[in-house]
Each structure stands twice: as structure tokens, then as C-alpha cells.
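Subject: Handover of a model with two ligands

Dear colleague,

I am passing on the structure that we spoke of, together with notes on what was found in it. Please read the notes with the coordinates open beside you.

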Amino acid sequence: MRTQVAIIGAGPAGLLLGHILRRAGVGFVILEQKSREYVLGRVRAGVLEQGSVDVLRDLGLGADLAARGLTHHGIYLQYEGERHHLDFVDLVGRTVTVYGQQALVRHLLAEHDRLGSDVRFEVEGVAPHAIDTDAPYLTHSGGERVDCDIVVGADGYHGVSRPAIPGVQALERSYPYAWLGILADVAPSTDDLIYALHPDGFAMHSMRSPEVSRLYLQVDPGESADDWPDERIWEALQTRLGIPGWTLTEGTISEKSITPMRSFVASTLEHGRLFLAGDAGHIVPPTGAKGLNSAIADVALLGRSLVAHFAGDDALLKRYSGAALARQWKVQQFSQWMTEMLHVHREVPDEAARAFRYRSQLGQLEYTTGSRHAQAALAEQYAGLPF
Ligand code: APR
Ligand code: PHB
């Protein structure tokens with residue numbers, strides 16, 4: 001077959017790019033290695049920046065979001081048994097929207113189905129070829145060849161696109177902790193999200209709907225979900241999130257999984273006719289809620305650049321990698337900063353150094369919650385840098 005843009009991966013990045021191209025009349029196909037059920041079943045991030053909400057709404061993809069998204073005016077930072085509210089509307093005049101990546105993927109896919117887009121699942125062995133010529137193509141195990149003008153690697157961290165770039169480098173670091181995340185069938189015990197530093201480790205209270213809570217605990221990277229029976233999870237959440245006069249209501253846990261923490265940025269997002277977007281090009285630890293928003297930011301820029309390219313103007317596309325990476329590095333430092341401020345660094349071998357580290361994190365939190373300038377800096381970045 002022949003198409004204009006061959007997209008590898010049907011995560012939020014690939015599916016959203018398809019909608020941008022479709023709207024501009026640019027032809028595309030999306031090839032995904034997993035099944036539709038698997039893609040729809042993945043529970044991931046849950047906070048949209050205002051810029052992400054605007055992108056979806058402007059594309060006519062905001063109906064489900066408007067119906068089910070929960071608008072939040074700020075977050076709580078908690079430490080030393082006290083909870084401090086940061087009011088984003090007051091600080092920077094912006095809000096964020098709690099809306100699960102799972103719901104977004106379901107909606108993007110349903111719209112593709114309705115519009116008759118060519119989105120194919122369970123396509124194994126996808127490989128890009130001739131990306132440094134003006135006639136690139138993909139092959140896959142089904143024996144088909146897809147000729148195209150542009151290949152987009154929206155195939156996540158473990159995809160095949162990034163390794164196809166000669167000499168691409170990974171700038172990366174890992175963290176000596178992971179997140180145990182649960183979904184629970186219980187009304188959230190909080191209005192805004194709570195991020196808490198406790199001597200036992202980080203904990204966080206998020207949500208998916210008025211009936212479903214999403215909660216996280218810092219755990220050691222080697223641990224498995226089996227190490228955490230439900231009672232142990234609730235006990236740890238009660239300890240780490242508890243403050244006098246507030247009750248965390250428990251409920252049935254319907255999903256439990258461990259997420260590793262990693263920061264990673266590829267040295268480039270382009271080679272010839274191949275462009276990377278989303279997790280294929282960069283990963284953040286989840287503390288700042290930036291993974292999904294970064295994918296949307298990339299795709300908004302790449303989509304615009306590709307539409308201009310097919311209209312005969314290559315200037316934006318030539319700048320895509322540099323512009324997307326410049327934004328991404330600001331997001332990276334914010335995510336790393338939030339992560340290191342809020343997690344217990346048990347890996348520090350020396351007890352005095354460990355105590356120093358913890359106490360200085362409290363100082364950082366006291367400064368952040370006590371200074372309007374610091375609050376505004378956090379709010380500006382959390383609510384989202386311009387696209
Ligand atoms: N061939 C086809 N599809 C592939 C291949 C391959 N070789 N390798 C990976 N994929 C698919 C994956 O199965 C997945 O469905 O690419 C998709 C990539 O989707 P995501 O991992 O969701 O990445 P992205 O669309 O960039 O979205 C980023 O996802 O991980 C979260 O926090 C992250 O919220 C952020 C978002
Ligand atoms: C989530 O709801 O899954 C979530 C929210 C905020 C984060 C990370 C995850 O920082």
C-alpha cells in the first residue's frame with residue numbers, strides 16, 4: 001500500500017497525530033503491535049495540562065473530556081503532617097484536568113473507528129527502511145510493504161523507530177525507587193490531588209472519577225505487586241497520607257501495578273524522513289504528570305509541521321526536533337525536581353547524609369509552599385508550559 005504518513009504505534013501520540021492529519025486531509029495508516037484490547041486496557045497517567053485540553057478541544061475531540069474530565073484548581077503538597085494547598089488559578093490563572101489516559105485512548109480510537117481511519121492492531125515485526133531517502137517504507141511480518149513520504153515513530157520507549165536512527169544517543173538516568181499504583185472503587189477522599197513526603201516514602205492521592213480513586217506509594221524498585229497485599233497498601237497509604245481531622249476512605253482495589261521511574265531524552269527526534277514523538281523520544285518520572293502532556297505537545301507541533309510540509313513548506317518540520325526537545329528539557333528538569341523533592345532517598349548509604357538529604361527536602365518544601373514566587377513557579381510548570 002501507499003500512504004503519506006506511516007505511524008508506528010497506537011498510543012496517545014500515534015492516535016492523536018492521526019486525528020490532526022485526518023482533519024487536514026493528509027493520508028495515514030497506524031500500525032500497532034499489540035491487540036486493541038491490550039491498548040484499551042492499559043492504565044496510565046491521568047492529568048492534562050490546559051494546553052493539552054485546548055489541543056483536544058480545538059480538534060473536536062473534547063466531548064468525552066468535557067463530560068468526564070475533572071477540572072482541578074491546584075494541588076496539595078504535604079509534609080510533616082501538614083497539607084498545603086497551591087491554588088493554580090490564583091497563582092497563574094490556569095487549571096489542570098484529571099482525565100485518565102485510558103479514557104483518552106478509548107475516545108481517540110472510537111473516533112477513528114467512526115471516521116473509518118486505517119488503524120491496524122497486532123501487526124508484528126514492523127521495520128522502517130530507507131528513512132534517509134525521499135522514498136521511505138515500512139515492512140512487517142504480514143509480508144506487506146507500506147510506501148510513504150514520512151514515517152512517525154510513536155512507538156514508545158521500547159519501539160523500533162528510535163534504534164533506526166544512526167548514532168542516536170540516550171541521555172538518561174534511573175531513580176532508586178518505583179511507584180506502586182492502585183485503582184480503588186471508592187469516592188476520592190480529597191478535592192485536589194495530594195503529593196506527600198513521609199519518612200516511610202512518597203504517597204499520592206489522585207482519582208479517575210467521582211467513584212474511582214487512584215493512589216500511589218513509593219516502593220523499592222525490586223519489589224513486585226505481590227509483595228503488597230491490599231491490607232498492606234491501605235495501611236501504608238493511611239500512614240503516609242494521614243493528617244489529623246481527615247479520613248482516607250478505603251475501597252475495593254481493582255487494579256495494582258508497579259511503574260519504574262526513569263528520565264530519558266533522545267539526542268534527536270529526527271533522521272531524514274523519520275520523526276519521533278512521545279515516549280519514543282523521551283520519558284519522565286510520573287511525579288509531575290508530564291508523560292502524556294509531553295506526547296500531546298510533540299504531536300501538536302509535529303502535526304502542524306507535517307501539514308505544512310504537505311502544503312509545500314518545510315520550515316516547521318526542519319525545526320521540529322530542536323523545538324520539541326527544547327520544551328522537553330524544561331519539562332525534564334521540572335519532573336526530576338518534583339521527584340527528588342518528594343521521595344525518600346533510602347539508597348544514600350551514610351545515615352547522617354540520609355538525614356541531611358531528608359531534612360533539606362523539607363526545607364525545599366517549606367520554601368516552595370511558603371513563597372508565592374516558588375508556588376507560582378511550580379504552578380506555571382505543573383499547569384503546563386506553552387505548546
Ligand atoms: N510496532 C508497532 N507498535 C509498537 C511497536 C512496534 N515495534 N513498539 C511499540 N509499539 C506500540 C506500543 O504497543 C504502544 O501501544 O506503540 C505504542 C506506544 O504507546 P505509548 O507507550 O502509550 O506511548 P505514547 O503514545 O508516546 O504516549 C506516551 O504513555 O507511557 C505513557 O506516560 C506516558 O502518558 C505517556 C504516554
Ligand atoms: C494519576 O492520576 O495517575 C497521576 C496524577 C498525577 C501524577 C501522576 C499520576 O503526578
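The notes below take the sheets and then the ligands.

The model is predicted, so local features are given only at pLDDT of at least 70 and side-chain atom pairs only at pLDDT 80 or more, whereas totals for chains, interfaces and linings use all residues. Residues are numbered from 1 along each chain as its sequence is written, chains are lettered from A and ligands numbered from 1 in the order in which they are written, and side-chain values use heavy atoms, with hydrogens and water left out.

**Sheets and helices**

Helices (H or I, at least four residues) and strands (E, at least two residues) are DSSP runs numbered from the N terminus, and two strands are taken to pair if DSSP finds at least two bridges between them. Six strands make up an open sheet with mixed pairing, in the order β8-β2-β1-β12-β19-β18. Its edges are β8 (119-120) and β18 (270-271), each of which pairs on one side only. Within this sheet, β12 (residues 150-153) and β19 (residues 274-276) run parallel and are joined by three bridges, and V152 stands opposite F275 of β19. Helix α8 (residues 291-310) lies across β1 (5-8), β12 and β19, and runs at about 175 degrees to β12. Contact here means heavy atoms within 4.5 Å, and the angles, which run from 0 to 180 degrees, are taken between N-to-C directions of axes fitted to C-alpha atoms, for helices over the stretch in contact.

A further open sheet, also of mixed pairing, has eight strands in the order β6-β5-β14-β15-β16-β13-β17-β20. Here the edge strands are β6 (82-87) and β20 (282-283), each pairing on one side only. Strand β13 (residues 170-185) pairs with β16 in the antiparallel sense over seven bridges, and W179 has Q218 in β16 as its bridge partner. Helix α11 (residues 372-383) packs on this sheet, where it touches β5 (74-79), β6 and β14, and its direction makes about 125 degrees with that of β5.

**Ligand 1**

Ligand 1 is surrounded by 23 residues, of which the closest are E32, R42, R44, Q101 and D279; a residue counts as near if one of its heavy atoms lies within 4 Å. Among the polar contacts (pairs of N or O atoms within 3.5 Å), an oxygen atom of the ligand is 2.5 Å from a side-chain N or O atom of Q101, and an oxygen atom is 2.6 Å from a side-chain N or O atom of D279. A backbone N or O atom of L292 lies 3.0 Å from an oxygen atom of ligand 1. On its own ligand 1 has 710 Å² of accessible area, and the protein covers 90% of that, with areas from the Shrake-Rupley method and a 1.4 Å probe. The elements that give two or more residues to its shell are α1 (12-23) and α8, and α8 gives the most, with three residues.

**Ligand 2**

Around ligand 2 there are 15 residues, the closest being Y195, S206, R208, Y216 and P286. An oxygen atom of this ligand is 2.6 Å from an N or O atom in the side chain of Y195, and the distance from an oxygen atom to an N or O atom in the side chain of S206 is 2.6 Å. A polar backbone atom of T287 lies 3.0 Å from an oxygen atom of ligand 2. Taken alone, ligand 2 exposes 280 Å², of which the protein buries 98%. Two or more residues of the shell come from each of β14 (193-198), β15 (201-209) and β16 (212-219), and β15 gives the most, with three residues.

With best regards

How values were computed
A polar contact is a pair of N or O atoms within 3.5 Å; within protein, one must be able to donate a hydrogen and the other to accept it, and residues adjacent in sequence count only if both atoms are side-chain atoms.
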